[in-house]
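Subject: Handover of a structure

Hello,

I am passing this structure on to you. Please look through the sequence and the model before reading the notes below.

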Amino acid sequence: MDGRATEPFIPVARLSDLDERGRLVVRVEGTPVAILRIAGQLYAMQDTCPHRGGPLSEGDVDGYLVHCPLHAWPFDVRTGACPSNAGVRLRIYAVRVVGEEIQVAPFSDRVSAP
Ligand code: FES
């Protein structure tokens, strides 16, 4: 991850909005974005699977991989990469917490393949 966000951070939620699994879906410019807490860190990625639209926020987590609940494609929350499908990549977002507020910003080079 190169750490460069392309746009200013946008407040999207509060830490208290995360569910008991540390998950939340918000909308960023009309796009559903999944926020997940893994190993104490928050990650944000597009919630809609590029395969057939499964809700990734409902997927099982194994390490840093989230498995789509529909057909189990894995996605790395740190990079958006899909290890089983080279060339498929999710849009991911930088996440920061300011006080209790969760803020996200898109990365420039992390765009999903349709
Ligand atoms: S919809 Fe996600 S793997 Fe098929």
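Which residues does Asp47 touch, not counting residues up to four places away in sequence? They are Val25, Pro32, Val33, Ala34, Gly54, Pro55, Leu56 and Ser57, where contact means heavy atoms within 4.5 Å.

Some ground rules come before the rest. This is a predicted model, in which local features need pLDDT of at least 70 and side-chain atom pairs count only at pLDDT 80 or more, while totals for chains, interfaces and linings use all residues. Residues are numbered from 1 along each chain as its sequence is written, and side-chain values use heavy atoms, with hydrogens and water left out.

Overall make-up

The protein chain has 0 helices and 9 strands; helices (H or I, at least four residues) and strands (E, at least two) are DSSP runs, numbered from the N terminus. Of its 114 residues, 39% count as buried, a word that stands for under 20% relative accessible area, with exposed being over 50% and partly exposed in between (1.4 Å probe, protein chains only). The protein chain exposes about 5900 Å², and carbon and sulfur atoms supply 47% of that area. Accessible areas come from the Shrake-Rupley method with a 1.4 Å probe; for residues, only the protein chains shown count as cover. Among contacts in the protein chain with a separation of 6 or more, 41% are between residues 24 or more positions apart.

Strand pairing

Strand β2 (residues 23-28) and β3 run antiparallel and are joined by 6 bridges; two strands pair if DSSP finds at least two bridges between them. In this pairing, Arg27 stands opposite Pro32 in β3. The hairpin of β2 and β3 has 2 residues between the strands, and Glu29 takes a positive phi near 50° there. Strands β3 and β4 also run antiparallel, with 6 bridges, and Arg37 has Leu42 in β4 as its bridge partner. Their hairpin has 2 residues between the strands, with Ala39 at a positive phi near 50°.

Asp47 is placed in the loop between β4 and β5 (60-62). Asp47 counts as buried because its relative accessibility is 9%. Asp47 has no salt bridge, and the nearest side chain of opposite charge, Arg27, is 8.0 Å away. A salt bridge here is a side-chain nitrogen of Lys or Arg within 4 Å of a carboxyl oxygen of Asp or Glu; for charge, Lys and Arg count as positive and Asp and Glu as negative, with His and the chain ends not counted. Pro32 is 15 residues from Asp47 in sequence and 5.4 Å from Asp47 in space, C-alpha to C-alpha.

Gly53 is also placed in the loop between β4 and β5. Gly53 counts as partly exposed because its relative accessibility is 37%. Gly53 and Leu70 are 17 residues apart in sequence, with 8.6 Å from C-alpha to C-alpha.

Nonpolar cores

A nonpolar core is a set of buried Ala, Val, Leu, Ile, Met, Phe, Trp, Tyr and Cys residues joined through side-chain atoms within 4.5 Å. The largest has 18 residues, of which Leu36, Met45, Leu56, Phe75 and Val77 touch the most other members. At least two residues of this core come from each of β3 (31-38), β4 (41-46) and β8 (92-98), and β3 gives the most, with 3 residues. Apart from this core lies another, of 12 residues, including Leu24, Val28, Ala44 and Val104.

Regards
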